[in-house]
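Work through the exercises below with the structure open. Try each task before you read its solution.

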Amino acid sequence: MTSPVHGSGGSHAAGTRIDDAQATASPRTGAPVLEVDDLHVEFRSRGPVVNAVNGVSYSIAPGETMAILGESGCGKSVSAQAIMGILDVPPAHITGAIRFEGRDMLQMGAEEQRKIRGPGVSMIFQDALSALNPVYSVGDQIGEMFRAHQGASKKEARDRAVELMDRVRIPAARQRVDDYPHQFSGGMRQRVMIAMALALDPKVLIADEPTTALDVTVQAQVMDLLKDLQRDTGMGLILITHDLGVVNEVADRVAVMYAGKVVETGSIDDVFTRPAHPYTRGLMSSIPVLDGKGQRLNPIVGAPPSLARIPAGCSFHPRCPMARRGDGGRPDCAGDVPPLREVAAGRRAACHYSEELLHG
Amino acid sequence: MGRYVARRLLLTIPVLIGASFLIFAMVYALPGDPIRALAGDRPLPASVQAALRAEYNLDDPLLVQYGKYVLGLVQGDFGTDFSGRPVLQTISERLPVTATLTGVAIVFEIIIGIAAGVLAGLRRGSFFDNLVLVTTTLLVSIPVLVLGFVSQYVLGVRLGVVPVAGINEGLYSYLLPGLILAAISLAYVARLTRTSLADSLRADYVRTARAKGLDRRTVVVRHTLRNSLIPVVTFIGADIGSLLGGAIITESVFNIPGLGRAVFESIQRQEGSVVVGVITLLVFFFIFFNLVVDVLYAVLDPRIRYE
């Protein structure tokens with residue numbers, strides 16, 4: 001059961017994973033392949049400035065799976081697209097640093113950055129039907145990676161596309177390589193996306209809600225496939241999702257995002273069993289329990305704020321059951337911004353009162 | 001696909017019969033007597049008039065006249081005009097002229113329309129984009145007649161850079177008429193290309209193409225242009241038929257002896273045989289090019305399949 005790849009084991013290896021989480025931040029052991037440091041993304045179109053990402057930091061080591069969890073519209077996808085450098089429309093203003101193998105992609109020229117997309121960092125999207133070009137065959141679109149990045153011939157690219165389709169377990173790959181995206185089922189289309197993203201053996205794969213658009217049974221198959229492929233290649237996997245079940249099954253670490261910020265990070269077991277942020281606790285208790293028939297669900301009251309009007313102080317305070325006024329020297333949830341700070345070994349949270357949550 | 005095309009071609013037969021009958025009935029319903037008009041100020045002897053009427057079946061009821069016309073048609077006889085000239089001869093002389101004019105117009109429509117649309121769509125909000133928007137609005141709102149006469153006067157008469165009228169200078173004499181004929185369609189093509197391109201640029205698959213690390217050229221040409229040109233190709237194909245018909249005005253302004261002018265003159269003379277023959281032919285072209293477009297559509301977009 002022990003995984004050959006560093007840090008990608010199942011839930012039984014929880015102890016080592018906390019160490020990994022710390023190791024990724026220290027230069028002593030294997031450096032993280034991708035580091036996001038104080039990333040900010042603003043959209044300045046007509047109307048108010050939209051602060052989609054407000055200081056997101058995380059890092060990912062080879063073979064590690066990091067889940068980014070949060071409600072819709074909390075900036076998960078935007079931060080991922082900023083890493084990919086595909087946020088041109090509408091014009092986005094990006095600051096901070098995105099270091100791939102130690103080099104800041106935001107400081108690179110466009111051409112240098114482009115060459116990292118594919119062999120360095122790759123991405124799969126939620127809806128494979130719209131993410132694949134309807135007028136080219138799947139073999140053509142997968143093979144395009146080899147033609148564009150390695151100058152492969154058409155025939156060579158097609159042969160390697162068939163190999164990749166085999167590898168992502170598309171049945172009868174050789175017969176289906178010339179079919180078009182609309183001729184595949186949803187699960188098979190997502191496999192095509194995965195094959196395309198993995199064509200050049202990327203160091204990091206960003207999966208943006210890869211199973212949201214799929215049937216539950218197909219979801220499990222696709223997640224299994226991703227895990228297997230990760231074990232074979234040792235790539236880092238950033239999994240963007242709002243599905244707590246998926247996170248629990250496959251991720252090593254999790255970063256919980258709210259209103260464009262990371263509010264809590266840590267190992268899956270720690271975060272899921274003892275949340276250090278009221279928002280995370282709210283997410284956990286909103287999961288329906290299978291045998292809890294007749295019980296009321298516990299949703300988080302209210303809706304996430306508009307990214308054009310983020311509340312002052314802790315952005316979660318209007319919905320937070322623990323929110324307090326600042327008196328007697330206590331921090332004010334509505335006025336003081338809680339920093340993302342170490343609250344226990346290998347865990348960080350952005351709440352003034354994390355200790356209360358952790359220790360009673 | 002073969003069966004689909006065959007079925008569509010068979011369907012053109014009832015359409016052609018219906019169209020030709022409608023036009024026939026309209027010519028029949030025109031007020032006035034074509035034979036008397038033919039004679040002008042000096043009335044023809046009654047016997048001559050009667051002979052002419054008999055020759056052109058003008059005394060028969062509408063349905064009988066039409067029946068006799070169709071009977072001739074299926075034998076390859078398009079009839080003759082009042083001066084005894086076979087209609088088929090008129091068509092074979094004038095069709096190449098109209099076809100050339102339409103061809104020149106289509107080339108202008110494709111080259112200028114698509115180029116302007118693509119450049120504007122790629123640089124939305126730029127000076128060029130606004131220029132295209134204003135120019136196309138002007139082109140669409142000015143009547144062809146005005147556009148034709150003004151450009152003929154300025155470019156032909158005053159500046160003398162193009163022939164004023166006629167077709168005596170080969171392809172060169174078709175340049176201005178072709179451009180005028182294309183003007184409105186060209187504006188539509190530019191607008192359509194611009195919008196369609198802007199839509200495609202926002203598509204998820206273009207985002208994917210960029211995430212794949214493709215260079216900008218590949219992203220735009222391969223993953224954006226092809227998809228955004230599908231509706232444009234459809235429009236241009238369907239437009240060929242309309243341009244053939246629309247040539248009537250342009251041919252009159254520039255004095256070009258094409259099918260359009262033949263129809264125009266024949267309507268004035270109430271020469272049913274010419275009017276019905278030519279217009280039925282135009283209807284056929286219209287249906288034919290629409291079929292070509294539908295077939296082309298399936299070639300361009302693999303999602304479209306005709307069983």
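Helices and strands here are DSSP runs, numbered from the N terminus; a strand needs at least two residues. The model is predicted.

**Exercise 1. Describe how domain 1 and domain 2 of chain A meet.**

Step 1. The domain assignment gives 20-120 + 200-270 as domain 1 of chain A, and 129-199 as domain 2.

Step 2. Take the centres. The C-alpha centres of these two domains of chain A lie 24 Å apart.

Step 3. Count the contacts. In chain A, 15 residues of domain 1 are in contact with 12 residues of domain 2.

Step 4. Find the main contributor on the side of domain 1 of chain A. Helix 9 of chain A (residues 216-233) gives the most, with 6 residues.

Step 5. Sort that side by class. The side of domain 1 of chain A that touches domain 2 has 12 nonpolar, 2 polar and 1 charged residues.

**Exercise 2. Summarise the fold of chain B in numbers.**

Step 1. Count the elements. Chain B has 12 helices and 0 strands.

Step 2. Get the extent. Along the principal axes, the C-alpha atoms of chain B fill a box of roughly 85 × 55 × 30 Å.

Step 3. Check burial. Of the 307 residues in chain B, 35% are buried.

Step 4. Look at contact range. Take the contacts in chain B with a separation of 6 or more. Residues 24 or more positions apart account for 75% of them.

**Exercise 3. Work out how helix 10 and helix 11 of chain B are arranged.**

Step 1. Two packed helices are described by the angle between their axes and the distance between the axes.

Step 2. Read both values. The axes of helix 10 and helix 11 of chain B come within 7 Å and cross at roughly 90 degrees.

Step 3. Classify the angle. Angles of 65 to 115 degrees count as roughly perpendicular. Helix 10 and helix 11 of chain B are therefore roughly perpendicular to each other.

Step 4. List the contact residues. Helix 10 of chain B uses B:A247, B:I248, B:E251 and B:S252. Helix 11 of chain B uses B:G260, B:R261, B:V263 and B:F264.

Step 5. Sort them. This contact of helix 10 with helix 11 of chain B has 4 nonpolar, 2 polar and 2 charged residues.

**Exercise 4. Find what the buried residues of helix 12 of chain B pack against.**

Step 1. Take the length. Helix 12 of chain B (residues 272-300) has 29 residues. Its end-to-end C-alpha reach is 42 Å, close to the 42 Å expected.

Step 2. Pick out buried positions. Among them are B:G272, B:V276, B:T280 and B:F289.

Step 3. Name the partners. The buried residues of helix 12 of chain B pack against helix 1, helix 4, helix 5, helix 10 and helix 11 of chain B.

**Exercise 5. Characterise the side of chain B that touches chain A.**

Step 1. Count both sides. 19 residues of chain B are in contact with 22 residues of chain A.

Step 2. Find the main contributor. Helix 9 of chain B gives the most to the chain B side, with 6 residues.

Step 3. Sort by class. The side of chain B that touches chain A has 5 nonpolar, 5 polar and 9 charged residues.

How values were computed. Residues numbered from 1 in each chain as written. Chains lettered and ligands numbered in written order. Predicted model: local features only at pLDDT ≥ 70, side-chain atom pairs only at ≥ 80, totals over all residues. Helix = DSSP H or I, 4+ residues; strand = E, 2+ residues; numbered from the N terminus. Expected span 1.5 Å × (residues − 1). Buried ≥ 20, exposed ≤ 12 C-beta atoms within 10 Å, placed from the backbone. Contact = placed C-beta atoms within 7 Å. Domains from an automatic or database assignment. Nonpolar A, V, L, I, M, F, W, Y, C, P; charged D, E, K, R; others polar. Axes fitted to C-alpha atoms, helices over the stretch in contact; angles between N-to-C directions. Parallel < 35°, antiparallel > 145°, perpendicular 65-115°, else oblique.
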